[in-house]
Number of protein chains: 2
Amino acid sequence: MQERKSLDSLFQLVHALKRQLHNRIEQLNLDIAPMHVRVLKIINKKVPCTAIDIANFLNRDKAQVTRLLNTLIAQELIVKEPNPEDKRSQCLRLTEKSQMIMGEISKIDKQIYAQMTQGLNEQDLEHFEVVAELMAKNLST
Amino acid sequence: MQERKSLDSLFQLVHALKRQLHNRIEQLNLDIAPMHVRVLKIINKKVPCTAIDIANFLNRDKAQVTRLLNTLIAQELIVKEPNPEDKRSQCLRLTEKSQMIMGEISKIDKQIYAQMTQGLNEQDLEHFEVVAELMAKNLST
DNA sequence: TAATGTAGTTGATAATGTCAACTATAGTCT
DNA sequence: AGACTATAGTTGACATTATCAACTACATTA
């Protein structure tokens with residue numbers, strides 16, 4: 001029953017994490033969902049960033065990404081700019097509004113991370129992350 | 001950026017895991033989703049088992065559990081029996097049909113687990129699980 | 001230039017998750 | 001016993017996340 005237990009704890013962890021993030025994001029009164037926040041983070045980090053970059057990073061369908069981006073554009077959190085290298089594609093950029101929001105989100109991330117990692121030292125976390133990454137890689141190939 | 005990276009690898013791992021499970025379950029032609037399988041596993045493991053037990057274990061809304069159970073009943077994978085200790089409640093039990101299916105599911109679990117844990121030793125896995133459990137606990141309190 | 005590939009959109013639909021209101025039974029308190 | 005509160009489960013409504021297929025427009029390759 002070793003494997004069963006491990007998968008369950010993993011599912012429960014991520015479920016708890018998503019709920020925390022969802023609750024905290026709700027408090028910002030942004031009217032966007034956790035996936036929108038993840039998209040904002042990616043656009044913030046990767047410059048330049050296109051829709052395909054996001055789909056690849058999140059390993060999600062392009063259709064989902066298009067819809068997430070539409071919401072963000074409607075709320076003036078991102079803008080699309082022509083991609084000089086490819087007329088099919090657009091570069092995504094945060095607006096001033098969302099740049100300010102990213103600060104809040106970063107705080108929330110830090111708080112949740114601190115809460116989640118209580119009682120764990122740097123070495124534990126390092127090891128955990130390495131294992132998680134390897135597992136994800138094992139599954140995706 | 002330490003915290004960001006860690007959360008992302010976790011999300012990606014679970015996403016990849018869910019996809020693998022989904023694909024494999026699909027191959028069984030059961031016409032049920034991963035959550036249904038998780039419910040079957042819980043009923044299989046915990047005897048007696050009621051709807052509330054499932055909701056508590058999965059940390060999900062009772063409404064969702066009711067609907068998952070309805071599908072399973074419609075497909076004759078589980079039956080409800082009166083709970084002798086509480087007339088509001090029913091005990092859930094696997095049918096012969098689903099007991100056979102559990103064998104297949106167990107095989108799939110083992111295969112996916114083996115794939116996911118390639119290159120990791122028992123100690124790595126033990127540590128990973130302990131950390132995941134502690135994190136989940138930290139978040140839920 | 002024809003064929004093939006890629007970026008992104010749209011429609012349809014499945015899977016997952018949450019909230020609130022409700023029924024019926026259980027337990028508690030006096 | 002009767003009133004009050006709590007719990008098990010159901011139902012309706014809805015939000016979020018995810019996937020597939022078909023499509024347009026542009027890019028790349030042969």
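How much area do chain A and chain B bury between them, and what percentage of it is on carbon and sulfur atoms?

Analyst: Chain A and chain B bury about 5800 Å² between them, and carbon and sulfur atoms carry 62% of it. Buried area is the accessible area (1.4 Å probe) that two parts lose on being put together, summed over both. This is a predicted model, in which local features need pLDDT of at least 70 and side-chain atom pairs count only at pLDDT 80 or more, while totals for chains, interfaces and linings use all residues. Residues are numbered from 1 along each chain as its sequence is written, chains are lettered from A and ligands numbered from 1 in the order in which they are written, and side-chain values use heavy atoms, with hydrogens and water left out.

Across this interface, 53 residues of chain A are in contact (heavy atoms within 4.5 Å) with 53 residues of chain B. Two salt bridges are counted between chain A and chain B; a salt bridge is a side-chain nitrogen of Lys or Arg within 4 Å of a carboxyl oxygen of Asp or Glu. Arg38(A) forms a salt bridge with Asp8(B), with 3.8 Å between the closest N and O atoms.

On the side of chain A that touches chain B, two or more residues come from each of helix H1 (2–27), helix H2 (34–45), helix H3 (51–58), helix H5 (96–116) and helix H6 (122–140) of chain A. H1(A) gives the most, 20 residues. By class, this side of chain A has 22 nonpolar, 14 polar and 17 charged residues.

Next comes the DNA. DNA strand D is surrounded by 24 residues, the closest being Arg19(B), Ile52(B), Arg67(B), Lys80(B) and Arg88(B). Of the atoms of DNA strand D that come within 4 Å of the protein, 60% belong to sugar and phosphate.

The elements giving two or more residues to the surface near DNA strand D are H2 and helix H4 (62–74) of chain A, with helix H1 (2–27), helix H3 (51–58) and helix H4 (62–74) of chain B. H4(B) supplies the largest share, four residues. By class, that surface has seven nonpolar, six polar and eleven charged residues.

The remaining terms are these. Helices are DSSP runs (H or I, at least four residues), numbered from the N terminus. Ala, Val, Leu, Ile, Met, Phe, Trp, Tyr, Cys and Pro count as nonpolar, Asp, Glu, Lys and Arg as charged, and the others, Gly among them, as polar. A residue is near a strand if one of its heavy atoms lies within 4 Å of it.
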